[in-house]
Amino acid sequence: MPLRGEPVIPPSGAPVFNHVRFFPAPLRGKAMVGGKFSGSNVSAKEGFEVLAEIKEEPREQEWTDLVFSSNRLYRWLRYEAPPGSHGAIAELEFYAGTRKLDGARFASIGERSGRGWWLAFDGNTNTWVETADADGQFAGVDLLDQATARTPRFSPPPSGVQKPLQLLLTGLTPYATIRYTLDGTLPGAKTGLLFEKPFAIEKTTTVTAAAFVEGWAASPPIIGTYIIGEGRPAFHTLHLGNSLTDITAQFAEYARTAARPHLYRNFTMPGATTQRLWESGLVQRKRDWEVALGVLERIDHLTLQPRDFNVPQEAEFARRFIERIRQQSPAVQPWLYTEWVERERIRPSDRGEVPSSQMTRLLPALTWEESMSAMLLYVEEVQRKLAEIDPAGKRARVLPTNLALGWIKNQIDRGAFPDAAPGSFYPLLFRDSVHPNANGAYLVNLTWYAAFYGESPEGRVLPIGTDLTPAQAAALQKLAWSVIENYPDCGHYREGATPVGPPQFSPTSVPIGEVTTVTLTSSTPGAWFRYTLDGTPPTRTNGYVYCGAISVRPGMAVKAIAYQSGSADSAVVETIYPIARSREEMRR
């Protein structure tokens, strides 16, 4: 047995990373010189130690084998591309001796011309990676419990509604210790509670546990919620869409941490529009569809994911799905789930090409925040058309998840989000240019919880499976409720008598020929805003929803209204932006 504090030597046959094979992108071998291979036992983001480096230009159109000495077990393995290389590589393989290693892939964000990091693992030497950013590029694999102690087990398992019990955590690896938390955060080698003997669970509790061996990475965690007593009222829900709907696959587990034994099913296809899901999805996955409907018995909430920028077509196929669900569940509440856009922002809504009945003129979105509002306008248009052609049953509501993404980016870039540096929006919340990681998915799930259950997730829905700090989790919970509570169409908006403080614009003029970012504030903390750029009077249900930035051109008139649940709306305020002759004049 090793002495306390000494690293445990990996057993024979352990996946010790000591060999890599790579194939350069065409005519880009020289760009790989200086590339590094490293390992970490901290996370996919931190703690990497360099194990080998590419010191010579690899041969064109040939595999290169790089073998090096190592006797340490690492969970996260990655290739770090040299500065200026745009990540150029065709194929990448990690080995322990002659044994090929694979696991969950991770990488930096932002492809160019469709050449993202997934091409380094597709087995095809004729495709290659080329990222939008020249520097800071990397890709790797997470070996999970191949390179850790085995994940512990719960006894008894958290199934069904429990009576008070004694919980036992069982370890499966020699020399391993087990630590656990009760607040949804991940335990660390020196944080959380040390498991020494069974402990009592007397009220609804979420337990997150992991196994630790000195010198190794933590095992993947095991997470379970024990609902003691009857639990709180819960819904049955069905969700239609594609991969941006799939990220809510853990929704039932999140709802369970709030003592709601939620029943969730989704029906999705990669990249699918509502039309494709109807025309081919119901044919190709007929059995899955029938199973989902059979398991749910009743459906309280149904989400659809509009995204094909054809309002009549989108509304018609949404109507067909809703009509089919109403045959089983006449009281179902339909929702139009509003997704966000890719990092590159190249959708018709980004270009201002989607007509809106709310305003006579739309302008291209010049910031990510404005892209969120533009995407929402499209979904609101689908909602209007759907109400025309489907007057029966409950009117479809809009689920404005993308507003939460717009605001969190704005907060991070302003340095107003806890424990996050400006510019860390994508590394913190995304795994590629559009798909959220566990942290981003948590925010999405929080908005869904707030919309369906009509209550704030603050202090209820725990950040299980994320690496968020307690302060970050609390900030996301608060933001999610603010979005849902203050979007009138979610059904939780409260009328009030005291008016919100009117919008205040900063700055109030722009230099010649320049586009200036204008911000809105109010004397009422937490106020929300809608605004227009074409002279149309905004209301709390009409116009662009403000997400922290307005791109204003010289000579433009901006009208805005402030509102907040529980208050009366402010008056509409208009600011006409004169053309200042210089920045100095604008300051004066």
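In this predicted model, the largest nonpolar core comprises 114 residues. Within this core, L238, W340 and I408 have the most contacts. Helix α9 (residues 438-453) supplies the largest share of the core, with eleven residues.

**Nonpolar cores**
- Not counting residues up to four places away in sequence, L238 touches R265, N266, W289, A292, L293, L296, I299, H301, L302, T303 and I325.
- Another core, of 34 residues, lies apart from the largest one; A14, Y79, W117 and A147 are among its members.

**The setting of N542**
- N542 is placed in the loop between β26 (528-532) and β27 (544-545).
- The relative accessible area of N542 is 14%, so this residue counts as buried, the cut-off being under 20%.
- A polar atom of the N542 side chain lies 3.4 Å from the backbone oxygen of Q358.
- With neighbours within four places in sequence left aside, the contacts of N542 are Q358, R530, T536 and P537.

**Strand β29 and its partners**
- Six of the seven residues of strand β29 (residues 557-563) are buried, and the strand is thus mostly covered.
- Strands β26 and β29 pair in the antiparallel sense, over five bridges.
- R530, which is in contact with N542, has I561 of β29 as its bridge partner.
- Strand β30 (residues 573-576) runs antiparallel to β29 and is joined to it by four bridges.
- A560 has V573 in β30 as its bridge partner.

Notes: Residues numbered from 1 in each chain as written. Predicted model: local features only at pLDDT ≥ 70, side-chain atom pairs only at ≥ 80, totals over all residues. Heavy atoms only, no water. Core = buried A, V, L, I, M, F, W, Y, C linked by side-chain atoms within 4.5 Å. Buried < 20%, exposed > 50% of the residue type's maximum accessible area, 1.4 Å probe, protein only. Helix = DSSP H or I, 4+ residues; strand = E, 2+ residues; numbered from the N terminus. Contact = heavy atoms within 4.5 Å. Polar contact = N/O pair within 3.5 Å; in protein donor to acceptor, adjacent residues only side chain to side chain. Pairing = 2+ DSSP bridges.
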